[in-house]
Amino acid sequence: MSDGLYEKNIICPICNNKFTTKKVKTSAIRVSKRDTDFCPYYEGENPLFYGVFVCEHCGYAALEGGFSITKPEENKEKILNTISPKWNPRSYGGRRDIDEAIEAYKLALLCCDVLNEKSSIQGKLCLRLAWFYRYKNEKEEKKFIDFTINFFEKAYTGERISGNEDEEVIVLYLLGELNRRAEKFSKSIIWFDKTLSNPQIKRKRHIELKARDQWSLAREEYKKRKAEVV
Ligand SMILES: [Zn+2]
């Protein structure tokens with residue numbers, strides 16, 4: 001029986017060596033539901049587990065998109081000088097369980113740090129790590145939600161999410177929802193307000209509706225919390 005996976009050949013942009021990695025066939029991807037922060041649940045294999053490619057030779061790890069870009073010499077040197085000497089060559093090219101997926105994403109986060117990558121990319125990695133810990137029902141989820149909030153706030157205030165306005169609305173919504181989940185209700189309300197007043201929101205009807213629902217929830221929770229304190 002097919003497990004819905006296929007193998008992809010990759011050339012590492014850092015060390016130029018070849019390796020293979022698995023991906024889930026599009027036809028095998030079945031989302032059964034999503035949480036309010038878009039965390040997806042799959043009927044079969046989880047494609048997010050394979051979203052980070054790891055070079056077994058030099059230890060470079062990044063989201064799939066990061067592997068298609070030729071790296072400047074200084075980035076190559078940074079990885080080869082800081083990551084590779086500590087790298088115990090091992091392959092992530094087989095079928096991954098959740099713990100291997102977590103390792104792969106943490107490696108990618110480490111490489112982002114070394115290369116000073118954009119906060120929006122680091123936030124994306126942290127959000128997926130938070131989801132993985134949610135699948136496992138582990139309290140690490142909370143830590144990674146906090147990391148995601150910090151990276152997305154930095155991305156929004158510092159980098160501007162340039163050229164991609166759709167993404168900006170999604171990041172604003174996520175900042176509202178993740179702060180709500182972190183029980184930072186007044187911050188959550190501020191971010192939902194920003195989401196709903198963003199000019200792009202009219203083109204994102206499903207986000208607008210979700211933002212209104214979650215904004216009301218955050219308001220209720222905020223009032224309840226205040227009443228308890230008084
Ligand atoms: Zn490599």
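Which residues coordinate the zinc ion? In this predicted model, the zinc ion is held by the SG atoms of Cys12, Cys15, Cys55 and Cys58, at 2.3 Å. The report begins with the chain as a whole and then returns to this site.

## The chain as a whole

The secondary structure consists of eight helices and six strands. Read from the N terminus, the order of the elements is β-β-β-β-β-β-α-α-α-α-α-α-α-α. The radius of gyration of the chain is 19 Å, close to the 17 Å that the globule rule gives for 230 residues, so the chain is as compact as a globular protein of that length. The C-alpha trace spans about 60 × 45 × 35 Å along its principal axes.

Of the 230 residues, 48% count as buried. The accessible surface of the chain amounts to about 12,400 Å², and carbon and sulfur atoms contribute 49% of it. Among the contacts with a separation of 6 or more, 61% are made by residues 24 or more positions apart.

The donor residues of the zinc ion follow the spacing C-x2-C-x39-C-x2-C in the sequence. Cysteine 12 and cysteine 58 link distant parts of the chain, being 46 residues apart. Cysteine 12 belongs to the loop between strand S1 (5-11) and strand S2 (18-24), while cysteine 58 belongs to the loop between strand S5 (52-54) and strand S6 (61-63). Both cysteine 12 and cysteine 58 are buried.

The geometry of the site is tetrahedral, because the four donor atoms around the zinc ion subtend angles of 106 to 114°. For four donors, that description requires all angles to lie between 85 and 135 degrees.

## Asparagines with positive phi

Most residues other than glycine have a negative phi. Asparagine 16 is placed in the loop between S1 and S2, and its relative accessible area of 53% makes it exposed.

Asparagine 137 also has a positive phi, of about 60°, although it is not a glycine. The position of asparagine 137 is in the loop between helix H4 (119-135) and helix H5 (140-159). With a relative accessibility of 73%, asparagine 137 counts as exposed.

## Aromatic pairs

The model contains 13 aromatic pairs. In one of them, the ring centres of phenylalanine 19 and phenylalanine 67 lie 5.8 Å apart and the planes stand at 70°, so the pair is edge-to-face. Phenylalanine 19 lies in strand S2 and phenylalanine 67 in helix H1 (residues 64-67), so the pair ties together parts that are 48 residues apart in sequence. Phenylalanine 19 and phenylalanine 67 are both buried. Elsewhere, Tyr41, Phe49, Tyr105, Phe132 and Tyr135 make up one aromatic cluster.

| Residue | Relative accessible area | State |
|---|---|---|
| Threonine 21 | 1% | buried |
| Tyrosine 92 | 5% | buried |
| Leucine 109 | 16% | buried |

Threonine 21 is part of strand S2. Leaving aside residues up to four places away in sequence, threonine 21 touches Tyr6, Glu7, Lys8, Ile10, Phe53, Tyr92, Gly93 and Arg96.

Tyrosine 92 lies in the loop between helix H2 (73-82) and H3. With residues up to four places away in sequence not counted, tyrosine 92 touches Thr21, Val54, Trp87, Glu100, Glu103, Ala104 and Leu107. Tyrosine 92 and alanine 104 are twelve residues apart in sequence, and their C-alpha atoms are 7.6 Å apart in space.

Leucine 109 is located in helix H3 (residues 98-115). Not counting residues up to four places away in sequence, leucine 109 touches Gln122, Leu125, Cys126, Leu129 and Phe144. Leucine 109 and isoleucine 121, twelve residues apart in sequence, have a C-alpha to C-alpha distance of 8.9 Å.

Key. Residues numbered from 1 in each chain as written. Predicted model: local features only at pLDDT ≥ 70, side-chain atom pairs only at ≥ 80, totals over all residues. Heavy atoms only, no water. Donors = N, O, S within 2.8 Å, 3.2 Å for Na, K, Ca; no water. Tetrahedral: all angles 85-135°; square planar, octahedral: opposite > 155°, others 65-115°. Helix = DSSP H or I, 4+ residues; strand = E, 2+ residues; numbered from the N terminus. Buried < 20%, exposed > 50% of the residue type's maximum accessible area, 1.4 Å probe, protein only. Rg over C-alpha atoms; globule rule 2.2 N^0.38 Å. Contact = heavy atoms within 4.5 Å. Areas by Shrake-Rupley, 256 points an atom, 1.4 Å probe, with all protein chains shown as cover. Phe/Tyr/Trp six-rings, centres within 6.5 Å; stacked < 30°, edge-to-face > 60°.
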